[in-house]
Amino acid sequence: MGDVMTTGATAEDPMTQAVRLVLTMLPQDRLATQEEITFNANAIAMMQQAIGHSIDGESLRKAVEARVAVWQDSSVGLANNVNHIEWLEEARSNRSWDFWERYRRYLKDVQDLPPRVILRLDQATDRILRQIEDPQRDGIWRRTGLVVGQVQSGKTGNYIGLACKAADAGYRLIVILAGIHNSLRSQTQLRVDEGLLGFDTQYQQRSDEESGTSRIGVGILPGVQRLKIASLTNSSEKGDFGQKVAHSTSMPISDYPIVLVVKKHKDILEYVRRWAVEVEGELRPGTKEKIVRSVPLLIIDDEADHASVDTSKEDATEPPAINKAIRRLLASFERAAYVGYTATPFANIYMNPDGDHEIYGLDLFPESFIESLPAPSNYFGPERIFGLGASGDDDAGIEPLKIFREVDDHEVWMPPKNKAGKSWIPPDPMPPSLIRAINAFVLSCAARRVRGQETKHSSMLIHVTQYMDVQNHVRDQVDDYLSLMRDKLRDTMSDQARQTLDALKQLWDDDFVPTSADFPSDEAPHVSWNALLDQLRPAINKILVKSINGTSKDALEYYEKRHTGLSLIAVGGNKLSRGLTLEGLSVSFYLRASNTYDTLLQMGRWFGYRPRYEDLCRLYTTRGLYRAYREITAADNELRRDFEEMAALGETPETFGLKVRSSSAGLAVTAANKMRKGVKVRLSYSGDLAETTTFNLRPDVLRRNRATLDSFIRALDRDYNPTPVSGGLLWNGVSADEVRNGFLSGYVPDGRAIRVRPAFINEYIRRCVTMGELSNWSVLLVDVKAGPDSIQGEIGDRKVTLTTRSPHPDEIVDHRFTIRRVLSPADESKDLSEEQRTHALETLWANRKRIAKLKRKPEPAKPAVPTGPPLRAERSVDKALLIIYPMVNPEAKADPEKLVVGFAISFPNSEDPHETEYVVNTIWRNQEIDDLDEGTDQ
């Protein structure tokens, strides 16, 4: 959980100690008042001053207020309650919840989580627990669900909380699937040891052992009782559930909970299954196969979209090995629940909901529930780092933090992947941008020491390639540079020391001072250069450089250095891209590209929690990658908003899958082999808005689209009578063939517009027409109100004022530009009656009020314009609207002949939205997808 949940207790600076003392003195059953915070802060400040700590009451009050003010929305979810029995309300009163209570105490007293965050964690884990079935329920049952969080936002803390409550409720075997690498499994086991087990699994297996034991985490809280629980895995690198453990262990599962933290490896999963059925299994009637009848199983799958998904081809007879092993383990228990956790759920909901196998059982599609976890307000996430433009009339944009630093000097040192492979040797010297990034990390470490965080972990990420040999060479280059810097600073009077310090001071004055000034003073306490200078040498001397990959013996040592803090520059690739947390990450140097946004989000290790050092964080990357992340942030935010609306309307997980398939984004959502077995993808535009947001500015493309539009408008003028409306001309009663053949067939999309492909839309329209739908179209040609700077263009035989859309994020690359939206929300209802618009507006407002109530927020203001699904629900199944935007070309603003053609289509809800299926192999293969799953790094 980044810096909100760290591995192990660390020595604390005086301010942190003081904040903790004040928090313990505040009321625990409600939010503290301003007077209570001020009174207690002043009292503790006086106590600290009496023992020699220079803490004033005002600074302490602000620090406490920042902690108390952290808020978090309630989680929301979709559920399918077929064959499910509500059980949790009754269980609250007749079962003890000791594991959860001591974990809650640990989060409050040791991890210092804000009270509102702990409350939301309690509520969210209750919502998940009630969906996975009562472990004491007799008979045969199975529940599969998915929990969607954000990258580095606290999913581990959530599933440890769920595991605590599951153990309290009566689940006897809890298997946590912790990625595909030993390092991640080991890191996860440590957190489970601290939060659930209460003992170090390297020294004991059961909580009731008396000799040679090591209690940690919840196990050393004062006054807690020792709870019966066991683990057959441990936190060492080789502590997985191996064949030797499986053969030598006969510990019964039914006595008290047993927790296993294992890698996603087919052999290990099979060892677990064989052990369980040998210890507790009974023969199935008429077979030689055993099944476990009396022991309820809970599988928690961390990074559930990675390695767990069935990526086999349509004609395959068996699923992939890991997917098969998980399904077989579930199928070996009569009572079983599976909960996947991920920040990028797209591969999971692309699964076939009906996938079944005679031997391995049902696939892992989250048919029972999907729960969405909002991040706390202090989350250092995509919206804050990359910004978020307003998406509608009622939305305020979010300005990005000023921590991005462009890298444009790397191609000689680290060329694109088609020019550099695993045998590439990055030449000396390193690019100036990487040198600046390393210097920035040194300054960040020193500044955190000035702020009293010298015992906290500090990390830098360098992710430039997937190849391990290249990573190791980069590690050596970085280590050599740091060693040389240490040597230069040994003789403080030398010219080399003076030049080094001058370079660091210039970076501090030009970069850090103005950036920190944009942050609140209580979050970014002032650091003078003289104070920083005193901490530079100890900061540099503490920094280690390690490569973190499959061939390296280097491992993250945060736990071993929990009392002194670890300062680390981690050079790696895939191993740092899935679940593994870099504690105290402040500087990232990132060059690894991908065309799928789940992969890019997972590689964003810089997300998390950065208390009192957000202003010291830096992201060094290319302009193209920064632009891609901004696009992802907008698409991801839109998807989460759609999810909230669907939750308020009581939709099911399968419906959510269809919604994602109809979403528009400039990047591929996930890798082709994860999308409906990599061959067929269902793309439904039912109730959707398809809109172009990425445009190719090549002259031949512009000419083709302009000619298509001219011809289309002339044909409309010839065959239909237009109606003038506010902001354009509207043609009603247009045939589907006219739209398909006259416009869509001739329109050339940008290559990155993967989801808005005229070929897909045309095929969807054709199939709907055969079912009596989409036969009656309206076409709106947008003609905006002219102004002093307007540009006029000629479309067909008509003069129109061109629409202006700013490139997002304010630039054009390779004759291509991307915008936030092409649609002006008011345009989507121009063909509807006043009665339909009014009804859509009322429905939209009611939905927003339901969402606000669900998330315990104040009632929202009534929206001004009807938009979204409520508006499209007003359309009859035969009526759609094509909106055409002749747009100013940002590369040739004064030349209307080079205008850009954008469009949006507002589709009604289909009565049979499941019927559209497309073969997309070729399209996706042409996108040059750099799928992380296919990388060579381990």
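**Figure 1. The loop that holds Glu 133.** Glu 133 is found in the loop between helix H6 (115–131) and strand E2 (141–148), where helices (H or I, at least four residues) and strands (E, at least two) are DSSP runs, numbered from the N terminus. The phi angle of Glu 133 lies near 90°, a positive value in a residue other than glycine. With a relative accessible area of 0%, Glu 133 is buried, a word that here means under 20% relative accessible area, while exposed means over 50% and partly exposed covers what lies in between (1.4 Å probe, protein chains only). The model is predicted, so that local features need pLDDT of at least 70 and side-chain atom pairs count only at pLDDT 80 or more, whereas totals for chains, interfaces and linings use all residues. Residues are numbered from 1 along each chain as its sequence is written, and side-chain values use heavy atoms, with hydrogens and water left out.

**Figure 2. The loop that holds Leu 774.** Leu 774 has its place in the loop between helix H23 (758–770) and strand E22 (776–782). Its phi is near 55°, which is again a positive value in a residue other than glycine, and Leu 774 is buried, with a relative accessible area of 2%.

Figure 3. Pro 382 is found in helix H13 and counts as buried, at 8% relative accessibility. Leaving aside its neighbours within four places in sequence, Pro 382 is in contact with Gln 150, Gly 387, Leu 601, Phe 607 and Thr 633, contact meaning heavy atoms within 4.5 Å. Pro 382 and Phe 607 are 225 residues apart in sequence, and their C-alpha atoms are 7.0 Å apart in space. Leu 401, in the loop between helix H13 (382–386) and E11, counts as buried at 17% relative accessibility. Once its neighbours within four places in sequence are left aside, Leu 401 is in contact with Phe 380, Arg 384, Ile 385 and Phe 519.

Figure 4. Between E11 and H14 runs the loop in which Pro 429 is found, and the peptide bond from Asp 428 to Pro 429 is cis, with omega near -5°.

**Figure 5. Helix H16 and its packing.** Helix H16 (residues 495–517) has 23 residues and reaches 32 Å from its first C-alpha to its last, close to the 33 Å expected at 1.5 Å a residue, the expected span being 1.5 Å times one less than the number of residues. H16 bends by about 35° at Trp 508, the bend being the angle between axes fitted to the seven residues ending there and the seven starting there. Among the buried residues of H16 are Leu 504, Trp 508, Asp 511 and Phe 512. The buried residues of this helix pack against strand E11 (404–406), helix H14 (432–450), helix H15 (468–490), helix H17 (529–542) and strand E16 (618–621).
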